[in-house]
Amino acid sequence: QVQLVESGGGLVLAGGSLKLGCIVSGITFSSLKTIGWDRQAPGKQRELVADITTFGSINYVDSVKGRFTVSRDTVKNTLSLQMNSLKPEDTAVYYCKAVRTHGVGWIDYWGQGTQVTVSS
């Protein structure tokens, strides 16, 4: 059974920093297509924040480039998101997401989400 458990959300002032963590169990990173973070702000669609492919390529949404850093530990099966210079528009529920190939398609796995609130 694949499980993703996030931690590290909270309330921070604009310009501050937070670090999110995700523990992945039931599957190894080597069997994943991608591992990363999505977020969903109130009234908005869920969007990709950052992800890492099996081969280590990293992708960021333009709005967080230069401020956020995603990293993984393939031994501990953990994922992190260091968020610096936070802005009120970064306020959202952040979800750890893993994508596994399955036949000709794929399966998405999500954590329960962790709230990040940035006050101005």
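**Questions about an all-residue walk-through**

Me: Which residues does S80 touch, not counting residues up to four places away in sequence?
Reply: A contact here is a pair of heavy atoms within 4.5 Å. With residues up to four places away in sequence left out, S80 touches K19, L20, G21, W37, T69, V70 and S71.

Me: What sort of model is this?
Reply: Residues are numbered from 1 along each chain as its sequence is written, and side-chain values use heavy atoms, with hydrogens and water left out. Local features need pLDDT of at least 70, side-chain atom pairs count only at pLDDT 80 or more, and totals for chains, interfaces and linings use all residues, since what you have here is a predicted model.

Me: Is S80 buried or exposed?
Reply: S80 sits in strand β8. The scale is relative accessible area: under 20% is buried, over 50% exposed, and partly exposed in between (1.4 Å probe, protein chains only). S80 comes in at 17%, so it counts as buried.

Me: How many strands does the protein chain have?
Reply: Elements are DSSP runs numbered from the N terminus: helices are H or I with at least four residues, strands are E with at least two. Along the sequence the pattern reads β-β-β-β-β-β-β-β-β-β-β. The secondary structure comes to 0 helices, and the strand count is 11.

Me: What is the radius of gyration of the protein chain?
Reply: It's taken over C-alpha atoms, and the globule rule is 2.2 Å times the number of residues to the power 0.38. The C-alpha atoms fill a box of roughly 45 × 30 × 25 Å along the principal axes. For 120 residues a compact globule would be near 14 Å, which agrees with the chain's own value of 14 Å.

Me: What share of the 120 residues is buried?
Reply: Among contacts between residues at least 6 apart in sequence, 54% join residues at least 24 apart. As for burial, the share of the 120 residues is 41%.

Me: Which residues does the disulfide join?
Reply: The criterion is a pair of cysteine sulfur atoms within 2.5 Å, and a search of the whole structure finds 1 disulfide. Its partners lie in distant parts of the chain, strand β3 (residues 18-25) and strand β9, 74 residues apart. With S to S at 2.1 Å, the joined residues are C22 and C96.

Me: What is the handedness of the disulfide of C22 and C96?
Reply: C22 is buried at a relative accessible area of 2%, and C96 is buried at 0%. The torsion about their S-S bond is about -85°, so the disulfide is left-handed.

Me: What is the phi of N77?
Reply: Most residues other than glycine have a negative phi. N77 lies in the loop between β7 (68-73) and β8 (78-83), and it is buried, with a relative accessible area of 13%. Although N77 is not a glycine, its phi is positive, about 60°.

Me: Is S85 buried, exposed or partly exposed?
Reply: S85 is in the loop between β8 and β9 (92-102). S85 is not a glycine, yet it has a positive phi of about 50°. Its relative accessible area is 40%, so S85 is partly exposed.

Me: How far apart in space are G16 and R100, C-alpha to C-alpha?
Reply: G16 is in the loop between β2 (10-13) and β3, and at 19% relative accessibility it counts as buried. Residues that G16 touches include S85 and L86. G16 and R100 are 84 residues apart in sequence, and their C-alpha to C-alpha distance is 34 Å.
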